[in-house]
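Open the model in your viewer and keep the selection panel at hand.

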Amino acid sequence: MNILVLNCGSSSVKFQLIETDIDLIEKNADKRLAGGVLERVIGQAIISVQVEGQSKIKSAEPLRDHRAGIDWILKWITSPESKIKNIKSLNDIHAVGHRVVHGGERFTMSALINDDVIREIEDSIELAPLHNPANLKGIQGARELLGPKIPQVAVFDTSFHSTMPETSYLYAIPYQLYRRHKIRRYGFHGTSHRYVSYRYRNLVGKKLEETNIVTVHLGNGCSACAIKNGESFDTSMGFTPLEGLVMGTRGGDIDPSVIEFIRNKEGMTVREIDTMLNKQSGLLGLSGLTNDMRDLVDEEKENNDRRAHLAIEIFVQRVKKYIGAYLAEMGGADAIIFTGGIGENSSIIRERICRGLDWFGLNIDKEKNDTMVCGKEGEISNPKSKLKAFVIPTNEELLIARDTVRTVKNVPRRW
Ligand code: ADP
């Protein structure tokens, strides 16, 4: 089946066209046919696309909204100009998989989209006011443009974490607040943690039930996940993606009293403080320079910049803290998995995170670590290391495409 994967953000639409099916999933032989990004979909959109790994066009197009963006994608995919193998018309697109950020407590698995599912995603808007409305616009747009005959599936960032026990997901605040408003930890990046855990099992030949690992997704957003017996046991993001690790622009863990204090001292509204914690904190806030780890590493090395160094050190220490906490919570683990832009590409940051963890039985092989970049997948610990470390590039779009096929064909999944 040819699956169109859509990831609609507040101002962007990312897409991939993936050929996959039950037998192709078994053989790990799915194929990415095309992909692209439409940035600033409301206004003069910047569009870049690739077919079979080759960059094709980069252009600016006036677009009105997400629907217009999806319309552009469908027209381009089916045009002779795109030259995508076996795609001649809309009939060659067999299903659509949507990334949906928040599935609340309702969606513990990916779901075939119908009116009820849309209503329930709408109900979760108050839990994810920045993300779910854009995801819904994508769903509505694709439904209008492709008609009801093309099945659509929602794949949620939160679903993988639905196995967390109460001891991991409840905040120690009055219990009624959980009962009345569902205030709890949900966790995000679930598709990524789930995908790399599946790849790890494939690499080392472990059964799902025997998979005990800590996965660390370090990108612009960052989160760690304790995976016990193959299931999410704990994760660092919480009620929203703001909790936990230091990220590009999000601060992660903070004493909530700071909010009232800033409100009084700086005369900011709670909403402004929320924006500050989401958009002006993390690596950007600490360094005063950038949210981009690559640039910070360069600044630290070339200019000896004190604040860049400080931002990196705090980032690294927070990751260490969560790894240590999860190893304690799980009673140990077999491996730590690095993924996300930083986790996949920055051997220096990985090395700094793993430094001093020999106490846990982790020993990194410097040469393997230095070469495991740019999409490479494999072990970076030395053979004697009791706790292993791996780099596994994430592929959320592939997992969305696979879940779409399985949901449409009603084939149960266990990972
Ligand atoms: P997103 O969460 O938006 O998908 P990515 O997973 O692409 O983001 O991660 C982006 C981050 O990865 C940026 O901070 C970028 O600097 C960092 N990154 C990418 N390559 C490297 C590298 N070689 N060294 C250090 N950081 C890198």
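The tour starts at the ligand, then moves to rings, charges and helices.

**Before you start**

This is a predicted model: local features need pLDDT of at least 70, side-chain atom pairs count only at pLDDT 80 or more, and totals for chains, interfaces and linings use all residues. Residues are numbered from 1 along each chain as its sequence is written, and side-chain values use heavy atoms, with hydrogens and water left out.

**Stop 1: the ligand shell**

Now colour by helix. Helices are DSSP runs (H or I, at least four residues), numbered from the N terminus.

**Stop 2: contacts to the ligand**

Show distances to the ligand oxygen atoms. A polar contact is a pair of N or O atoms within 3.5 Å. D292 places a polar side-chain atom 2.4 Å from a ligand oxygen. M293 uses a backbone N or O atom, 3.1 Å from an oxygen of the ligand. I342 also has a backbone N or O atom by a ligand oxygen, at 3.3 Å. The ligand taken alone exposes 580 Å², and the protein buries 69% of that. Accessible areas come from the Shrake-Rupley method with a 1.4 Å probe.

**Stop 3: aromatic pairs**

Ten aromatic pairs occur in the structure. Rings of Phe, Tyr and Trp (its six-membered ring) pair if their centres lie within 6.5 Å; planes under 30 degrees apart are stacked, over 60 edge-to-face, and the rest tilted.

Select Y322 and Y326. Their rings are edge-to-face, 5.7 Å centre to centre with 70° between the planes. Both lie in α12 (residues 306-330), four residues apart, about one turn of the helix. Are they buried or exposed? Y322 is buried at 13% relative accessibility, and Y326 is buried at 2%. Buried means under 20% relative accessible area, exposed over 50%, and partly exposed in between (1.4 Å probe, protein chains only).

Next, select W359 and F360. Their ring centres are 5.3 Å apart and their planes meet at 85°, so this pair is edge-to-face. W359 is exposed at 73%, whereas F360 is partly exposed at 27%.

Then pick F15, W72 and W76, which form one aromatic cluster.

**Stop 4: charges over rings**

A charge sits over a ring if NZ of Lys or CZ of Arg is within 6 Å of the ring centre and within 35 degrees of the ring normal. Select R184 with Y186: the charged end sits over the ring, 4.7 Å from its centre. For K228 over F233, that distance is 4.5 Å.

**Stop 5: two helices**

Select G69 in α2 (residues 66-78). G69 is buried, at 0% relative accessibility.

Finish at α14 (residues 347-354), where six of the eight residues are buried, so the helix is largely enclosed by the rest of the structure. The buried residues are S347, I349, R350, R352, I353 and C354. Just after α14, G356 takes a positive phi of about 85°.

Conventions: A polar contact is a pair of N or O atoms within 3.5 Å; within protein, one must be able to donate a hydrogen and the other to accept it, and residues adjacent in sequence count only if both atoms are side-chain atoms.
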